[in-house]
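Work through the exercises below with the sequence and the structure open. Try each task before you read its solution.

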Amino acid sequence: MTDDRGLRDAQIKIGTKQTVKAVEMGQAAEVYVAEDGDPRLTSRIVSLCDKHGVKLTYVDTMQQLGKACGIEVGAAMAAVLK
């Protein structure tokens, strides 16, 4: 993730529950998934994104994704809303 200001400035949902809900409700334009996130959680969001036609972008670590979202802890996934 080279430009983390984009996520801070965009309307986003951070975390598994909020991201899944945004995708299921058709509100997500793009989903970011940390490659080091728990596969039980990330595999579900990957299949949901495929099903709903949402763009999926992988990030190296949860720490990087959390920082890009402007939070001090790691995040397994985040959704940018439409």
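What percentage of the 82 residues of the protein count as buried? Note that the model is a predicted one.

**Solution.** Of the 82 residues, 37% count as buried. The cut-off for buried is under 20% relative accessible area. The protein exposes about 5,000 Å². Carbon and sulfur atoms supply 48% of that area.

**Exercise 1. Read the order of the elements and judge the overall form.**

*Step 1.* Count the elements. There are four helices and four strands.

*Step 2.* The order is α-β-α-β-α-β-α-β.

*Step 3.* Compare with the globule rule. The radius of gyration is 11 Å, close to the 12 Å that the rule gives for 82 residues, so the protein is as compact as a globular protein of that length.

*Step 4.* Box the C-alpha atoms along the principal axes. They fill roughly 30 × 25 × 20 Å.

*Step 5.* Check the reach of the contacts. Take those with a separation of 6 or more: 75% of them join residues 24 or more positions apart.

**Exercise 2. Find the nonpolar cores.**

*Step 1.* Recall the background. In soluble globular proteins, nonpolar side chains tend to be buried together.

*Step 2.* Locate the largest core. It has 14 residues. Those with the most contacts inside it are Val-23, Ala-28, Val-31, Ile-45, Cys-49 and Val-54.

*Step 3.* Helix 2, strand 2, helix 3 and strand 4 each supply at least two of its residues.

*Step 4.* Look for a separate core.

*Step 5.* List what Ala-28 touches beyond four places in sequence. The residues are Ala-22, Val-23, Val-54, Ala-79, Val-80, Leu-81 and Lys-82.

**Exercise 3. Is Thr-42 buried or exposed? Is Met-25 buried or exposed?**

*Step 1.* Locate Thr-42. This residue lies in helix 3.

*Step 2.* Apply the cut-off. Thr-42 has a relative accessible area of 12%, so it is buried.

*Step 3.* List the contacts of Thr-42, leaving aside neighbours within four places in sequence. They are Val-33, Ala-34, Gly-37 and Met-77.

*Step 4.* Locate Met-25. This residue is in the loop between helix 2 (16–24) and strand 2.

*Step 5.* Apply the other cut-off, over 50% for exposed. Met-25 has a relative accessible area of 51%, so it is exposed.

*Step 6.* Relate Met-25 to Ile-45. They are 20 residues apart in sequence. Their C-alpha atoms are 13 Å apart in space.

Technical notes: Residues numbered from 1 in each chain as written. Predicted model: local features only at pLDDT ≥ 70, side-chain atom pairs only at ≥ 80, totals over all residues. Heavy atoms only, no water. Buried < 20%, exposed > 50% of the residue type's maximum accessible area, 1.4 Å probe, protein only. Rg over C-alpha atoms; globule rule 2.2 N^0.38 Å. Contact = heavy atoms within 4.5 Å. Areas by Shrake-Rupley, 256 points an atom, 1.4 Å probe, with all protein chains shown as cover. Core = buried A, V, L, I, M, F, W, Y, C linked by side-chain atoms within 4.5 Å.
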